[in-house]
Amino acid sequence: MLGSSNADVAIAGAGIIGLSLGLELLERGVSVMVIERHRAMSSASSAAGGMLAVHDPQNPPELMPLAICSGALYPEYLERIERLSGLAVPVRTHWAMQHVTSPRPDAKIAGAKEIAEFVPGLRPGEHVFEWLEEGSVDPADLCRALPKAFVAAGGTLIESTEVRRVEFTDSVRVTTSAGHVDAGDFVNCCGSWAGEPVLGLEKLPVEPVKGQMANLRCASGRLRCVVRAPGVYLIPRGDGRVTVGATLERAGFDETVQEPVIRNLIDAARDLLPELEIPLQLQAWAGLRPGTPDLLPVLGAAEKRHCWYATGHYRDGILLAPVTARVMAQTIMGERPDVPLGAYSPARFAAVHR
């Protein structure tokens, strides 16, 4: 039982955003407790593709300052996690082939020779691909290492515990299914669940966007970069596994895996790369991305004092974890954030709250 506990900052949600923010605060000498209703990293973080798609043309332009800063922070971020956890979190790929319909004037287009070198057997058809210098990580590596790193740094991680109520006076009292926590500040990092009104906060228009994915296989080394084509992407993991994704479904909190949907994904992937094989034990899953109406995250102060939001990262939670941790820690500590947060403020939804 949690009983009665104290922390400088209490964070609801032990996904990659909550734990990364907790780790950043711990580095600043702040005591942190992260409370998770299930297991740490068990929701969107474990279901993600892991692409560090800084220059993804599908992202809103307003996301670019956050994405660029986070990409620059990633080497230091991974080094910290590895040092604290004792577990490796390697960057698995360093390039992506991005389908484009209207190439930019300065775009580096993938020619037949390069395609044959990086993805032998690929059938591009009429597709034109642009080279993007971007990495990818395997979320499974982060799921193993990040909770260990947070605890090793001195953080308190409480799992299988539901946050039921948050009361605000001169400080914060967080009532959970296992007791209560008194804290100086509270941060809502609940992902797709961040908009639920049970916490006594203003309602945010954060909703789950379901994504179904699967792992196929090919000979190790045959696929040496990420490939993103209309309706499907391929992410090599370096050991023969190729992650294929992902759907975008407004289906509420439904996380069921549907065989016809997975079959369509597999067919699209094998149209691109016919040598992809379906394992005897096919691994398929679904996750819930926290989406907002403008597809931008929610970062900043809530209406209640001592309360903050760090959620709504949609398809880019893995990419944006380092910068979110940095700018939110700076904001909570009363510092000027490295990236201005005006475009991501919860206040932009004020009309929706009421």
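Here are some questions and answers about how the terms used for this predicted model follow from its values.

Q: Why does the size of the chain agree with a compact globule?
A: A compact globule of 354 residues would have a radius of gyration near 20 Å, and the chain has 20 Å, so the two agree. Along its principal axes, the C-alpha trace spans about 65 × 45 × 40 Å.

Q: What makes up the chain in terms of helices and strands, and how many residues are buried?
A: You will find eight helices and 17 strands. Buried residues account for 55% of the 354 residues. The accessible surface comes to about 15,000 Å², and carbon and sulfur atoms hold 52% of that.

Q: Which share of the contacts in the chain joins residues at least 24 apart?
A: Take the contacts between residues at least 6 apart in sequence: 73% of them join residues at least 24 apart.

Q: How far apart are the mean positions of the positive and negative charges?
A: There are 34 positive and 41 negative charges in the chain, and their mean positions lie 2 Å apart.

Q: Why is His99 called buried?
A: Its relative accessible area is 17%. His99 sits in strand 4. Beyond its neighbours within four places in sequence, His99 is in contact with His127, Val128, Phe129, Arg228, Ala229 and Pro230.

Q: What makes strand 4 covered on both faces?
A: Ala96, Gln98 and Val100 lie on one side, Met97 and His99 lie on the other, and all are buried. That is five of the five residues in strand 4, which spans residues 96-100. In a regular strand, side chains alternate between the two faces of the sheet.

Q: How do you know that strand 4 pairs with strand 5 and with strand 12, and in which sense does each pair run?
A: Two strands pair if there are at least two bridges between them. Strand 4 has five bridges to strand 5 (residues 128-132), and these two run antiparallel. With strand 12 (residues 226-229), strand 4 has three bridges in the parallel sense. Both counts meet the cut-off, so both are called pairs.

Q: What makes strand 2 and strand 7 a pair?
A: Three bridges join strand 2 and strand 7 (residues 156-158) in the parallel sense. The cut-off is at least two bridges, so they pair. In strand 7, Leu157 is the bridge partner of Val34. Within strand 2 (residues 32-35), Val32 and Val34 point one way, Met33 and Ile35 point the other way, and all are buried.

Q: What joins strand 8 to strand 9, and how do the two strands run?
A: A hairpin joins them through three residues. Strand 8 (residues 163-168) and strand 9 (residues 172-176) run antiparallel, with five bridges between them. Val163 stands opposite Thr176 in strand 9.

Q: Why is Arg241 called partly exposed?
A: Arg241 has 21% relative accessibility. Partly exposed covers values between the buried limit of 20% and the exposed limit of 50%, so Arg241 counts as partly exposed. Arg241 lies in strand 14 (residues 241-245). Leaving aside neighbours within four places in sequence, its contacts include Asp138, Asn215 and Pro236. Arg241 and Arg222 are 19 residues apart in sequence, with their C-alpha atoms 11 Å apart in space.

Q: Which backbone value is given for Leu295, and why is Leu295 called partly exposed?
A: Leu295 has a phi near 65°, a positive value in a residue other than glycine. Most residues other than glycine have a negative phi. Leu295 is found in the loop between strand 15 and strand 16. Its relative accessible area is 30%, so Leu295 is called partly exposed.

Q: Why is Tyr314 called buried?
A: With a relative accessible area of 14%, Tyr314 falls under the 20% limit, so the term buried applies. Tyr314 also has a positive phi, about 50°, although it is not a glycine. Its place is in the loop between strand 17 and helix 7.

Q: What makes the peptide bond from Gly245 to Ala246 cis?
A: Its omega is near -20°, and the bond is cis. Most peptide bonds are trans. Ala246 is found in the loop between strand 14 and helix 6.

Notes:
Residues are numbered from 1 along each chain as its sequence is written. This is a predicted model: local features need pLDDT of at least 70, side-chain atom pairs count only at pLDDT 80 or more; totals for chains, interfaces and linings use all residues. Side-chain values use heavy atoms; hydrogens and water are left out. Buried means under 20% relative accessible area, exposed over 50%, partly exposed in between (1.4 Å probe, protein chains only). Helices (H or I, at least four residues) and strands (E, at least two) are DSSP runs, numbered from the N terminus. The radius of gyration is taken over C-alpha atoms; the globule rule is 2.2 Å times the number of residues to the power 0.38. Contact means heavy atoms within 4.5 Å. Accessible areas come from the Shrake-Rupley method with a 1.4 Å probe; for residues, only the protein chains shown count as cover. Lys and Arg count as positive and Asp and Glu as negative; His and the chain ends are not counted. The place of a charge is taken as NZ of Lys, CZ of Arg, CG of Asp or CD of Glu.
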